[in-house]
Amino acid sequence: MSDISRIHLLHAAMVVALVICWFVLPVYHAGNLARIMVFAIYAMGYNLLFGYTGLLSLGHALFFGAGMYGLGLAMHLGGVFAGPGILAGLITALVVSGVVGFLALRTSGVAFMIVTLMFAQAGYLTVLLFGTYTRGDEGFVLPQATRALMGIDLSDAQNRYFAALILFGIVLFFIGWLVRTPFGRCLVAIRENEERARMLGYDITRHKLIAVILSGTISGLSGAAYCLLFGSAQAAFAAVPYSIFPLLYVLLGGMGTTIGPFVGTLFMFYLIDWSGGNMMVAGVVLVALALFAPTGILGEIRRRFTPWLP
Amino acid sequence: MEFGPHLMLAALEGAITAAILALTAVGLSLTFGVMRVVNVAHGEFFMLGAVAAWFISTTIGGHPAWGFIAAVVLAPLIIGLLAASADWLVLKRLDYDPERTIVATIGLLYIIQQGALIGFGPNAQPVEPPFSHRIALPWFEWTEAGFEMYYPWGLSTNSYKLFIIFAAAMLLLGLWLIMTRTKVGLVMRATQQDRDMATAFGIPVERIYALTFGLGAALAALGAVLIVPVQQAYYLMGHDPLLLSFIVVIIGGLGSLRGTVLAALLIGMSDGIISVFFSPTLAKIIATLLVAMVLVFRPQGLFGKGVH
Amino acid sequence: MTSTKKTAISRRSTLGLLGGAALAPAVLPGLSGFAQAQSSAPIKIGFQLHRTGIGAAYGRWYERTSNAAVARINEMGGINGRPVELVIEDDGTDPKRGAEVVEKFATQHECDIGFGTLFSHVVYGSAPRAGELKLPYFVCSEGHHVASGALNRYVLQPGITDVKSQVQAMAPFVADNLGKKVTMIFPDFAFGHDHRDFFSEAIEAQGGEVVAKIAIPPTETSFTKYFPQIPRETEVIYHVMVGPAVLTFVKEMGEFFGPSRPEIFGFIDSLEAVDLSSPGLEFLEGTYFWEGNPRYAQADQSDHDKAYRAAIGIDDNGASLTDSADVSTYAHMFSCWETLNVIKRGMETAGYQGPADRVKLIEAIEDMTDMAHSDDHPQGAKLFNGKTHQVFGHQYISQVEEGRLNVKHTTAIEDGFYEDEVDYTAQSF
């Protein structure tokens, strides 16, 4: 079997497995899985920039928050329906990531980390500044009745699960496709050796900018989905820890792999859940990862068993 | 309050921020300069310094000055040793790979933070300053009767706050002397310039790295010991110093000690002074965006040469 | 001790069953055995606790208070003859984790209800899930979120007055005794904005005015630079700060004013869990504080307050009996105690048996009105508004005298009334 069909098969198998999960898992774990899929979208968006393009951002909470507040405020204050709400979330994230990308990409390395961190911090403070509308840290809830798409009540557990799964599947296949296109391969080339890619005649800045925008918009989709499916928005989601989380998920799962972000999100969720919400566990895992498995779970699997893994 | 005295007060407050920031950021800059790694757990060493100061001063009791003196000596030593052992146990094994080091130090950040929560508790704990006197400050005014001096309402500072500025300046001077006039400083600078060459000349690079990492953390701890009588020890207090030190180190030009001190002054003072003109949260946003813009348009920092 | 009592009960009921053994199985097939199992199983209360994160300083006292309240309830025979069990989950004072914890209560631990949240962003993050999962969710947060109508029918706050009511009740005292020109200093987030908006409105109604509003960013650690924004004409400073930097804030305020301070009125939140004898707080002598519940035992201390302190292990200065430097969050944590007692009363009125009776429980609590000053309600008498799911109570205004807080004025419950903003009873379950 060719690598490409293997990859398609893997992604399809994963979606099918997730469909089955809904029917076989206990309610609690099925509920968790819906959350995990939403955050895995965030991690996949982050992975596109970090894992594939090699740009370490510490400010993705800004994009997640842009999606969340884009949808949240449009529905909460603008009174729009969920469909246009999602669109508003995506557009907000797109614009924000475009601006941030345009500016931040003038830097690289540690300076890029700091600039993205600064922009995210400014974004977080802006949510507080406009507390009259956003209600700052406290945030707001979307009434259950408004959280419906084409007549489907998204606050219902099953509908929510499958809505999350559909979004997750779309993003998974999109990224699986994207990284195999010439554009995607160029991103990897930039990660591996930026100078060489430049020498080969690629427009590095343009590629990177598109990568930031795609990554930011996917992250925004996750934020919008969270707000819609779980019904609330708070400034905390735009704060520093939420910039660290996708980094953690991606590193744990395996950077530069298509399903690594999901695996990382899943593991991290259950690690924290199992430890009673204690972040100490996250710390120990990170140190252990850096020491023993710098390429993450899927990176290790790929190295040992399945070199074709996307 | 009138504009003049207000500005003066803000500048004084800014100077205190700058003094502590300079110490903390120089620690971060040192590890970056010599070891080429970003220590994300730097703010946690700051926090540990404050917690240690609280612990030492409450254990010793008696006049707060004794506790303070003991803390100034012991806290940086303990935190420095702790950091050096973290270097030995973790960072060395990563071969100081920049990205893996970031991951590992984010891990250390969580471990130290939660460890402090368990050992020290969630409350903010005050430390009594060794001395503290309110000093009313005068202001000058040009009136019809000529030049007049008066004491505006609210314009005051505190003897201990002035001491912080003085002590930080002295400590930075001491550090500069160590770096330029002693053999340890020479060896550290040599390692900074060329690791391989240093190794070839028989410099025990690994030990120098542990020393540098320890010294960097000790400086953060020292900054915390100085500021904790004004603020409090709290297990989540490392967040802001980390963020600000990061900014200062980048603006100052990575690894440049002189640039770092200048940048600390700039950032600390502007944090105070911008607050005169804008509402507090807006002031924070503006200050944050300004820093981002400086980096965007001068990625190598204001005072240094770029490394990337 | 509890277990012996439990055995006694079950033995007696077993005897009763044996007595009717000849008849019962024939008439009520399968029922007797089930009822027996049901009656001895504990009622599980999911406790959403801020054990880590910024709420941790409050969380540990919320935990101690709740444990004491549950121990007392169990000593008195539990609820409907069943023991009560607290299922504690840490939410990290984070809205996302908060929602997950609520889900955990409902679907994994199979708790009967959820309870105990303090920080309002966690309430906002969790409340939608509680509503969807149809899990009665009792918050102890003093936020205006419940009464504002933003949440849903499954969320109630029967243990502590909300901030709107607290603030409104303060305004007459401030205007009559301290001054009419007020400068407000508050954190720049929703809780602070509530203070700003509700107090501005209330003081204007008293003929006063707010001359300056100084919003401090929540991440701030030094405050002196903001104080010059206080206008000279200020007669009263109204301060409310939360978070770890509160002590710095109060100290720096004292240093700023020096010997010539205006009147100062603060919410005790600015010094909750902080020892009043901490260095630098001397200037607070003579200033006033709102207290949800008086930290220092007063001359006219009620027996209820005495019993309440003893149960948790708190001395007359509001600190831990074992460590006098370990100061409690006395002004807020009574809400856990009282909420648990409201839950008990509600479950008893509703004849609560299990999750199927959740709706009956909420309806029973919605029907409540008066709550008498008692061991169940040591903070004072209260009046519950079933429509808004919010309780109203007395507020205390204390003055710092010789380093302790002495109550100078107790507001009437009616002082905190405002027009209903929602009728949850009109919403469907």
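Me: What makes Leu9(A), Phe23(A) and Val24(A) exposed residues, and which face of H1(A) carries them?

Reply: In this predicted model, Leu9(A), Phe23(A) and Val24(A) lie on the face of H1(A) turned away from its buried side. The term exposed is used for a relative accessible area over 50%.

Me: Which residues of H1(A) are buried, and how do you know on which side of H1(A) they lie?

Reply: The buried residues of H1(A) are Ile7(A), His11(A), Met14(A), Val15(A), Leu18(A) and Trp22(A). They cover an arc of only 85° around the axis, and therefore they are on the same side of H1(A). An α-helix has 3.6 residues a turn, so residues three or four places apart point the same way. The partners against which the buried residues of H1(A) pack are helix H2 (27–52), helix H7 (157–178) and helix H12 (260–274) of chain A.

Me: Why is Thr288(B) called buried, and what does Thr288(B) touch?

Reply: Thr288(B) belongs to helix H11 (residues 280–297) of chain B. Its relative accessibility is 10% and the term buried applies under 20%, so Thr288(B) counts as buried. Leaving aside residues up to four places away in sequence, Thr288(B) touches Met118(A), Gln121(A), Ala122(A) and Leu125(A).

Me: Why is strand E9 (residues 263–267) of chain C described as largely enclosed?

Reply: Of its 5 residues, 4 are buried, so E9(C) is largely enclosed by the rest of the structure. Strand E8 (residues 236–239) of chain C runs parallel to E9(C) and is joined to it by 4 bridges, with Tyr238(C) opposite Phe265(C). Strand E10 (residues 288–291) of chain C also runs parallel to E9(C), joined by 3 bridges; here Phe265(C) stands opposite Tyr288(C). Together with helix H9 (residues 246–257) of chain C, E8(C) and E9(C) make a right-handed β-α-β unit.

Me: What makes the sheet E11-E12-E13 (chain C) an open one, and which strands stand at the edges?

Reply: The 3 strands of this open sheet follow the order E11-E12-E13, with antiparallel pairing. Strand E11 (370–371) and strand E13 (390–393) of chain C are at the edges; each has a single partner strand, so one side of each is left without a neighbour in the sheet. E11(C) pairs with strand E12 (residues 382–385) of chain C over 2 bridges, and Lys382(C) is the bridge partner of Met371(C).

Conventions
Residues are numbered from 1 along each chain as its sequence is written. Chains are lettered from A and ligands numbered from 1 in the order in which they are written. This is a predicted model: local features need pLDDT of at least 70, side-chain atom pairs count only at pLDDT 80 or more; totals for chains, interfaces and linings use all residues. Side-chain values use heavy atoms; hydrogens and water are left out. Buried means under 20% relative accessible area, exposed over 50%, partly exposed in between (1.4 Å probe, protein chains only). The arc is that of the directions from the helix axis to the C-beta atoms. Contact means heavy atoms within 4.5 Å. Two strands pair if DSSP finds at least two bridges between them. A crossover is right-handed if, with the strands pointing away from the viewer, the path from the first strand over the helix to the second runs clockwise.
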